[in-house]
Amino acid sequence: MTDRIPLAGVIGSPVAHSKSPALHGHWLKRYGIAGYYIPMDVSRDDLRDALATLPRMGFVGLNVTIPHKEAVLGLADLVSDRAALIGAANTLIFRADGKVHADNTDGVGFTDNLRQGAPGWDPAAGPAAVLGAGGAARAVVSALAEQGVREIRLSNRTRARAEALRAEFGPKIVVYDWVQAGNMIEGAATVVNTTSLGMVGKPEFRVPLDGLSPDAVVTDIVYAPLETTLLKEARARGCVTVDGLGMLLHQAAPGFERWFGIRPEVDEAARAVVLGE
């Protein structure tokens, strides 16, 4: 009897746009692993059945994308502290004992990308300014707090969502009105855009950057285009900038390691695969 070929994949609806199959396929080939990574369009109504069935078909885990990132928390047997704190999971591990473990690697992906792209980044250098208060912002705020950033300034177009994050994460969060977002950036050592502003097909990024310090590290989770308006203007002001593609790559690495037993390298070859080069 031969060992079962390990299978993993990404579930969501829609899912055809996902870059994950190309990335994981590249890593499987690079490390000579006899496994497969498959995109699967799973509706909300079928989610529970899919999670019950896939482990029996040889799946060792899944990535989870919209609209299932919150729902899987209620279906998993075990939920990591960071997934519970963020309120969403992007990685599932199907354990040998039959239990489903839900985790969130977005925060790890964010900080690993920041450290790779800006090796001199110091969380204690000063306040961080975070634009946006959605799911990605929750992961970023959680990661920044974990890394030791003492003050996290937060601004969102709907202030109530930013206030909700402050209620959860505590007094380390300082909320600014959206019209004051430019002022929030002044004196910040780290600036992060977690909104879709500046993304292809979305509204332009128009937050004033007059107060941006040339010593700041600036990153944008948007990676289409690779160099957003924010990053272009920040670089022109002398800032170290980090694009959002690395976060996508780094958040994928822990899941691959858990499923296939090897920690994959996030390098230029991996970037090229995701960019379709």
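## Largest nonpolar core

In this predicted model, the largest nonpolar core has 24 residues, and the members that touch the most others are F110, V130 and L144. Six elements each give at least two residues to this core: the helices α5 (106-117), α6 (135-147) and α7 (159-169), and the strands β7 (128-131), β8 (152-155) and β9 (173-176). Helix α6 provides the largest share, with five residues.

The contacts of L144 show part of this packing. Leaving aside residues up to four places away in sequence, L144 touches F110, W121, A128, V130, V149 and I152.

## H24 in helix α1

H24 lies in helix α1, which spans residues 20-30. Is H24 buried or exposed? The relative accessible area of H24 is 0%, so H24 is buried, the limit for that class being under 20%.

Beyond residues up to four places away in sequence, the contacts of H24 are Y37, N63, A252, F256 and W259.

## Nonpolar surface patch

On the surface, a nonpolar patch is formed by I5, Y36 and I38, which together have about 280 Å² of accessible area.

One of these residues, I5, sits in the segment before β1 (7-12). I5 is classed as partly exposed because its relative accessible area is 44%, and that class lies between the 20% and 50% limits.

Definitions and conventions: Residues are numbered from 1 along each chain as its sequence is written. This is a predicted model: local features need pLDDT of at least 70, side-chain atom pairs count only at pLDDT 80 or more; totals for chains, interfaces and linings use all residues. Side-chain values use heavy atoms; hydrogens and water are left out. A nonpolar core is a set of buried Ala, Val, Leu, Ile, Met, Phe, Trp, Tyr and Cys residues joined through side-chain atoms within 4.5 Å. Buried means under 20% relative accessible area, exposed over 50%, partly exposed in between (1.4 Å probe, protein chains only). Helices (H or I, at least four residues) and strands (E, at least two) are DSSP runs, numbered from the N terminus. Contact means heavy atoms within 4.5 Å. Patches are made of residues with over 30% relative accessible area and no salt bridge: like charges are joined within 9 Å, nonpolar side chains (Val, Leu, Ile, Met, Phe, Trp, Tyr) within 5 Å. Accessible areas come from the Shrake-Rupley method with a 1.4 Å probe; for residues, only the protein chains shown count as cover. A salt bridge is a side-chain nitrogen of Lys or Arg within 4 Å of a carboxyl oxygen of Asp or Glu.
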